[in-house]
Amino acid sequence: MSASILPAVPLGTGGPLVGAQGLGCMGFSEFYGPTAPDEARRTLRIALDLGVTMFDTADLYGDGDNETFLGPFVRAHRDRVFLATKFGIVRRAGEKSWSRVRGDRAYVRQSAEASLKRLGIDQIDLYYAHRRDTSVPIEDTVGAMAELVQEGKVRYLGLSEMTGPELRAAHGVHPIAALQSEWSLFTRDIETSVVPAAAELGVALVAYSPLGRGFLTGSFTGAQGMRAGAQGLSAGAQGLSAGAQGLSAGAQRLSAGDVRLTMPRFTGEHADANAALLEPVRDIAARRDVTPAQVALAWVHQRSRVHGLTVIPIPGTRSPGRLRQNVEAATLTLSDGELTALEPLAAKVAGARYADMTSTATARE
Ligand SMILES: NC(=O)c1ccc[n+]([C@@H]2O[C@H](COP(=O)([O-])OP(=O)(O)OC[C@H]3O[C@@H](n4cnc5c(N)ncnc54)[C@H](OP(=O)(O)O)[C@@H]3O)[C@@H](O)[C@H]2O)c1
């Protein structure tokens with residue numbers, strides 16, 4: 001059994017203590033290439049041993065399969081696992097694409113009941129509205145979520161991809177414990193309005209895709225992420241952990257069906273331009289004898305001090321080696337000079353986060 005190395009932080013002002021880094025479980029089911037259930041189960045157990053307590057899923061992932069997969073793990077460690085799930089994105093039957101977003105009362109209730117059943121538990125620790133249903137006032141969606149808290153089906157409420165004003169309006173109806181949004185060296189849209197609102201209200205910021213969906217790890221370079229690029233990893237990084245050794249063995253390829261093949265940042269000339277931006281990340285990694293992934297994660301962890309709020313990155317990995325590497329990054333402190341060198345990156349990134357940005361907070365800010 002591994003010793004816990006991750007510090008605990010409060011989930012916002014007065015909130016429960018959770019590991020300072022969570023684990024994104026989406027990739028265990030789909031979107032980012034082939035999955036291996038035994039390896040995923042091992043990753044979950046090691047995460048818990050290292051001090052990770054927040055496990056992030058959604059009814060969207062695997063169309064419910066991700067929650068069903070997590071159920072036995074959550075039930076076996078119910079006193080230590082802080083389970084976060086989400087509702088609101090309605091999928092087209094049998095497809096990866098969405099049909100719409102729903103935040104009406106009936107849908108909130110039916111979704112929570114279905115998630116509880118798939119997970120096999122009687123209370124969700126953190127329940128997020130995954131996206132904003134703009135046909136329903138945010139106060140009504142959060143009002144329906146608050147009823148679930150009153151009934152004991154949910155402990156804390158969260159919002160994902162919401163704007164600063166939406167967070168403020170929601171918080172006026174019921175305390176919001178966490179706001180989940182994309183935040184990384186490549187994506188800093190939320191720093192203008194969402195982060196100041198969260199800091200003022202004492203809401204924790206849960207940073208999704210903190211590794212830029214893998215791009216910041218240096219594993220993908222060039223068009224379609226298909227060309228070799230792991231040479232950029234320093235020799236020093238090999239000594240760090242099994243995960244780092246795995247990376248140095250060769251670059252990853254995006255397999256057919258990987259959702260990133262549809263994402264502007266990973267395709268065509270954008271991928272080439274974005275790969276060139278990783279130079280300062282690689283330089284710092286080489287000098288500090290860590291991996292680019294660790295530099296990227298340390299930067300997100302340090303947003304907490306810079307912006308004065310709890311920040312919990314939830315990197316996703318299917319591998320125990322990379323999990324350990326990611327957790328180790330929580331205690332890596334970048335110097336002011338290193339932070340300055342990383343500062344210009346996000347403004348230079350080519351391509352939008354999603355091919356269709358309409359349901360994101362960015363589109364409504
Ligand atoms: N609220 C939302 O709308 C939303 C949207 C997207 C994601 N999320 C949540 O956020 C979580 C994390 O985001 P994400 O998975 O999109 O992106 P991410 O954490 O930025 O990157 C995940 C990718 O990086 C790779 N990776 C992880 N650690 C690595 C390391 N140390 N070295 C090299 N490669 C590494 C993973 O591959 P391996 O698995 O092979 O390690 C995977 O391909 C998801 O699991 C999900 O729970 C939420």
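**Notes on the predicted model**

1. Between helices α5 and α6, residues G164, L167, R168 and H171 of α5 meet V194, P196, A197, A198 and L201 of α6, where two residues are in contact if their C-beta atoms, placed from the backbone, lie within 7 Å. By class, this contact of α5 with α6 holds six nonpolar, two polar and one charged residues; Ala, Val, Leu, Ile, Met, Phe, Trp, Tyr, Cys and Pro count as nonpolar, Asp, Glu, Lys and Arg as charged, and the others, Gly among them, as polar. Helices (H or I, at least four residues) and strands (E, at least two) are DSSP runs numbered from the N terminus.

2. This is a predicted model, in which local features need pLDDT of at least 70 and side-chain atom pairs count only at pLDDT 80 or more, while totals for chains, interfaces and linings use all residues. Residues are numbered from 1 along each chain as its sequence is written.

3. Helix α5 (residues 164–173) packs against helix α6 (residues 194–201) at an angle of about 25°, the axes being 8 Å apart; axes are lines fitted to C-alpha atoms, for helices over the stretch in contact, and angles run from 0 to 180 degrees between N-to-C directions. That angle makes α5 roughly parallel to α6, given that angles under 35 degrees count as roughly parallel, over 145 as roughly antiparallel, 65 to 115 as roughly perpendicular and the rest as oblique.

4. For helix α2 (residues 65–76) and helix α3 (residues 105–119), the axes come within 7 Å and cross at roughly 55°, and α2 and α3 are therefore oblique to each other. The residues E67, T68, L70, G71 and V74 of α2 meet S115, R118 and L119 of α3, a contact that divides into three nonpolar, three polar and two charged residues.

5. The order β3-β4-β5-β8-β9-β10-β11-β12 describes an open sheet of eight strands with parallel pairing, two strands being paired if DSSP finds at least two bridges between them. Its edge strands, β3 (23–24) and β12 (311–313), each pair on one side only. Strand β11 (residues 204–208) runs parallel to β12 and is joined to it by three bridges, with L205 opposite V311 in β12. Helix α4 (residues 138–150) lies across β8 (124–129) and β9 (154–160), running at about 160° to β9.

6. Strands β6 (residues 89–91) and β7 (residues 98–101) run antiparallel, joined by three bridges, and R91 stands opposite W98 in β7. Their hairpin has six residues between the strands, and G94 takes a positive phi near 70° there.

7. Which residues come nearest to the ligand? Of the 30 residues around the ligand, these are G24, M26, L211, G214 and G316, a residue being near if its C-beta atom, placed from the backbone, lies within 6 Å. The shell divides into ten nonpolar, 15 polar and five charged residues, and its largest share, three residues, comes from α11.

8. On confidence, the protein chain has a mean pLDDT of 90, with 91% of its residues at 70 or more; pLDDT is the predictor's confidence in each residue, from 0 to 100. Where pLDDT is low, the predicted coordinates should not be read in detail.
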